[in-house]
2 protein chains.
Amino acid sequence: MSKKIKGRFTLPAELNFIEETKELIEKWGADAIRDSDGTDLDEDLLNLGQINYSKYFVARGDNEFALNHFDQTQQLFVRTDYHTAKDTSLTFEFMTGFLDEQIAPDFRHNPKEWWQVHNRTTGELIDVSLWSIDQDKLTITIENTTPYHEYTLNMLTYMIWDPTQMYNHITNDWGDKPHDIPFDVRHDLTKERMKVRLREWLENNPKTDVVRFTTFFYHFTLFFNDKRKEKFVDWFGYGSSISPKALIAFEEEYGYRLTAEDFIQKGYYNSTFVPPTKEYLDYLDFTQRFVTQEAKELVDIVHEYGKEAIMFLGDNWIGTEPYGKYFGDIGIDAVVGSVGGGLTMRLISDIPHVKYTEGRFLPYFFPDTFYVGNDPTIEGVENWITARRAIMRKPLSRIGYGGYPSLAYKFPDFVDFVADTADQFRDIIENIENKQTYSRAKVAVLNSWGKIRTWQAFMVAHALHYKQIYSYLGVLESLSGLDVDVEFISFEDIRNGIPSDIDVIINAGDAKTAFSGGDIWNDPQIVSTIRQWVDAGHGFIGVGEPSAYEKGGRFFQLADILGVDKELGFTLSTDKYHETVENDHFITKDLDGELVFGEQINNTYALNENTEILSIQNENVVLSAHPYGEGRGVYIMGLPYSHENTRILSRAIFYSMGKEDDFYKFTSSNIHTELNVYPESKKVALLNNTNELQETTVYDGVGTEKIVSLKPAEILWGELDEQNIKITF
Amino acid sequence: MSKKIKGRFTLPAELNFIEETKELIEKWGADAIRDSDGTDLDEDLLNLGQINYSKYFVARGDNEFALNHFDQTQQLFVRTDYHTAKDTSLTFEFMTGFLDEQIAPDFRHNPKEWWQVHNRTTGELIDVSLWSIDQDKLTITIENTTPYHEYTLNMLTYMIWDPTQMYNHITNDWGDKPHDIPFDVRHDLTKERMKVRLREWLENNPKTDVVRFTTFFYHFTLFFNDKRKEKFVDWFGYGSSISPKALIAFEEEYGYRLTAEDFIQKGYYNSTFVPPTKEYLDYLDFTQRFVTQEAKELVDIVHEYGKEAIMFLGDNWIGTEPYGKYFGDIGIDAVVGSVGGGLTMRLISDIPHVKYTEGRFLPYFFPDTFYVGNDPTIEGVENWITARRAIMRKPLSRIGYGGYPSLAYKFPDFVDFVADTADQFRDIIENIENKQTYSRAKVAVLNSWGKIRTWQAFMVAHALHYKQIYSYLGVLESLSGLDVDVEFISFEDIRNGIPSDIDVIINAGDAKTAFSGGDIWNDPQIVSTIRQWVDAGHGFIGVGEPSAYEKGGRFFQLADILGVDKELGFTLSTDKYHETVENDHFITKDLDGELVFGEQINNTYALNENTEILSIQNENVVLSAHPYGEGRGVYIMGLPYSHENTRILSRAIFYSMGKEDDFYKFTSSNIHTELNVYPESKKVALLNNTNELQETTVYDGVGTEKIVSLKPAEILWGELDEQNIKITF
């Protein structure tokens, strides 16, 4: 590996570390330096001759203005706890459980217009004449209550502390440091102030080359409880983007008024797991158009000053929706985000309409990893080889790390590892950037959200683990590096017919959620469209509780395709004989031992003798296939990310579309390795996805075998002949 | 143990085994002898001086009549497989998958009147003008179909082979033995014939003392597939009791016509797991009244001949419903049934309106148990001590065994065991029959069926194991021997207020089923009635998915009582902090080690910090308690029967009603032992529920302790003082 090229690497800055920083710039081939949430670049750093990135907060960090225009503070709908009436009247304190440092009830706007009381036992909205607010005691009294029914109050509040600053403030114990009050671009004064302030800042920061917007106007929904701990987090939540002004503007355009309940959603709040209502989708579109327009004005100012604008994918990113319809209109130059693996890598690298994308890799240079006795290289290698397989499909333009470089500097092995990684990354870029990557199939992930949530399905808080999601996230993590094209489509997308280039549809998720689809499976058009399409020779892979909706004697509405249904108890009287496991099957061919499928979906069973059962655990079918006309269905209970499960999915894709024979063209037998082919650049890359030696059989474009050995974590580059068939390493 | 009394024991008869039979009669203290499905009593057996039981089949075994009156054969609604239309017309064979030896399509009645075609993808009933039947080819053609929708045909058929005889015939390979054709008492000729035949039989069997009806008119739903294997079995199914005659009579009375779909129920058929529709409940009531009236006429004839009538609880028992409103009107003298444990024992022994009840114990004297090298006593003891704890609560009047006594005779240890068991049983009877049994609480099992399915919840085929039911059946098995009164109540029962004598309600079952309740939990009245009642100081125990109905931000509608809900994905954004397990709690005090809760209900979590979590497995709450006003809720994930889980339930009952202090009055510390108290007879019985030595601390009526040792499987009888406090062993 030669160090032919430099660059494409952003270094985090640290004050009073200038000589070592120069050393790291040289070793890692860095061409940019950036500040952090806690630090600014000083003159020494700014003069290193690097591209200088500076963070910029649009909607906070201007408390003097905010305090003088408190009516323009950002707002949030929240609901109280559930309260049980024991009589025909009920009084309760409505701020219980909220952090009053963050949330303040909005009495400026008439509560009778913006607040709502619900009987959650009946679902009824209570007439405003039946309740009254005591603004001093912070209590509500509801009259005419039904004993032993439960009531909640949906409140309009001001969000008087920026959630990210609050998180950092509380986590790092910043004491009496002022709380950043977020202000709302909906208001003309605030909007004007934002622009003036940006211009001032640009004037004062002439050495900044790239303005890193962190981010624009509205934070994802995040509020804390009265113990200063997180109470609610939704990385996709639009809850903090509302205001009477916004909702009135919405009403003027759409002809109807949204209420608090459109955001509180039966008490759940709208997470991406709740199938989106038409009203909520309208609001998302409305807000995206507004955010796009306002963000464009700021980006234009940055460009006016001859600088680039990069957007951090997080924090106040609400309304930008990089995979939405309007993102391109912002005119942002680049997006930067954190890379936890292949899935989060693709989430950034696939973003359209930008000149470049940048990924922040793990581990962050923080003391929790960089301490004596720990080897940070282990996490570094793991993160890199997990993300790398996705980079081979669609690379980022730039990489970088975060934290304090002085900590990393103390670990010479780690410094060498980063140097190697940076070189490897630049090698990859040289070989494949903007070149066609060979795909062996096109797979569509089908859910209620579709394209707008590309690589974002199943997430709650960005990249955090939840018991309820890892069995599904593994599908996306596997796909992120597989040699297939991936598209995210919605049920609406298939109403007009499934796009002709799609080979396989995956529907994965728990029953009732937006990812499985919920009530949409009551729609015969959706069901019959997919049936017809599979019958014609395509594949349908269901994971977890696919097509789940109890109707017509079935729970999985596409049980006829999958060959598997889930017993709810209603068909226990019907004998089920078919439970023979096929031990020699195309899908499980490369694997030994018991498969690990994550969370159990209980009571799955084979529908008939045509179901090919590949694994049964605890009497449940966990992996199976089933013919359906010219196509096939495959059922997988869950797919936590692993090399084994990635291979299961890869083979399931081929099997479902009936192209088993094609599987042995351009592939690698060892599940810990993967082959990527680049016909345009006449290159192939054989990846070792482990940090150990691997040996594998590589199959070329006509299936000719070759045994190849790989060093730990190696990428072995090979050449492709003119006919795109033979491989030479 | 003295052999003071004899009797209360029924011996199965065997031909050519007369001397040994006499010996067994003496040893076992038998006072009755009975024939079996395969054998009749000969003169030798009839003259043994015993009470003679003879089986009698009302609705079969008269093929000459049946063949001459084929129009009076019993009928059955079935549905075909699902068939996918690929075009605007669909033709399929409608007998596919049915055993044509058993099921014949009924072309006698107009299919257009009695058959139905459904689009199962939309749920629509297809107009009769759009389909036609080919009676020769046994095909149906449906026009105007929607491509890729699925269709089924609900057919009216004749059931031309009695299910029990079919089962025995196929199982025992009876070759060309004629198939018993079942005939329908709905028809006047058949009804008349049944009575004439019974009189003839009674004339011809003067030595019969007890006529064992096996049973009356309609078999539970049981049909086989084209491979001569069971296709569908519902021990409670009324499917085989229908006929156009019945449905027209129904229409005359109720003013509306039932259709096949009322029995096919969206394709599932009506099992007891499907929440019963009003139409189905109407039909059940209608059929019960009819069966009661017809059965009474036969029983009256038996009585006319000076004989007793006993009813076998099984086979053609449909419509008799021993816990139904009309059972007493039949006038039957006794019920006999098979005893698989405590639950099936109580199912028989609690039957009201009869002079006596009789249980058939396991093992049956068949070669699968009685072979050289096996010790049948092991199963015998296990069966006996499992059933015995329930007998102590409510005894049977008589016991007996089944099969071939010659097989048992070869195992002298087993013969001795039965002798001991019979003596022990007679001892119990002497001490407690018709005497008040002390109960420490009254527990109601709440589901959609209530009283009519007393001790019959969760069963599919009588006493057979299903993965989906054992975690719930354990609740009933535990209750069957606990020192509490048990009542089965329906949601309708509590509409007018929960009966004042109930201390604790148990709601157990999977979501959507009739046992959890399904849509009933959408009814605010049901929900608030229970809340008010628990608040006033009662207990609510939820098992599995209690009160499950997704609404108002909750899945368990009584999550506020239980302190536990199930995460469907919609509240993943809401932080859940409370997962501390309390290791020292009243409910788990007597137990060591990991609890075994059967099937996993995934994603259960504690609602708030008031939930006392007693066990978490796989991040799910499996056992917890929660205060609710003066009462408490207890959540249990599942409760397979074991001594450990029985104690959990017992303590949960006391804890839920807030009477922890009372627990230590009249109890026994060792979970493998149980104390029963009989104030009326001034007796107590301390049971060793294992076949090993046990030592335990017995608490008397004021909690005074005494250490007691018990021999394997022993009942230790003690005396109660006049004040019903002190115990002397």
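Modeller: A salt bridge here is a side-chain nitrogen of Lys or Arg within 4 Å of a carboxyl oxygen of Asp or Glu. Between chain A and chain B, the count is eight salt bridges. Bear in mind that this is a predicted model.

Biologist: What makes Arg531(A) and Glu150(B) a salt bridge?

Modeller: Their side chains come to 3.1 Å, N to O. The cut-off is 4 Å for an Arg nitrogen and a Glu carboxyl oxygen, so the pair qualifies.

Biologist: What else joins the two chains, by way of polar contact?

Modeller: The rule finds 38 residue pairs in polar contact across the interface of chain A and chain B. On the side of chain A that touches chain B, H17(A) gives the most, with six residues. By class, that side has 20 nonpolar, 22 polar and 21 charged residues.

Biologist: How much area is buried between chain A and chain B?

Modeller: About 5,700 Å², with carbon and sulfur atoms giving 49% of that. In chain A, Tyr148(A), Tyr268(A) and Phe570(A) lose the most area to chain B, together 15% of what that side buries.

Biologist: Over to helix H5 of chain B, where Thr164(B) sits. Why is Thr164(B) called buried?

Modeller: Its relative accessible area is 10%.

Key
Residues numbered from 1 in each chain as written. Chains lettered and ligands numbered in written order. Predicted model: local features only at pLDDT ≥ 70, side-chain atom pairs only at ≥ 80, totals over all residues. Heavy atoms only, no water. Buried area = accessible area lost by both parts, 1.4 Å probe. Polar contact = N/O pair within 3.5 Å; in protein donor to acceptor, adjacent residues only side chain to side chain. Helix = DSSP H or I, 4+ residues; strand = E, 2+ residues; numbered from the N terminus. Nonpolar A, V, L, I, M, F, W, Y, C, P; charged D, E, K, R; others polar. Buried < 20%, exposed > 50% of the residue type's maximum accessible area, 1.4 Å probe, protein only.
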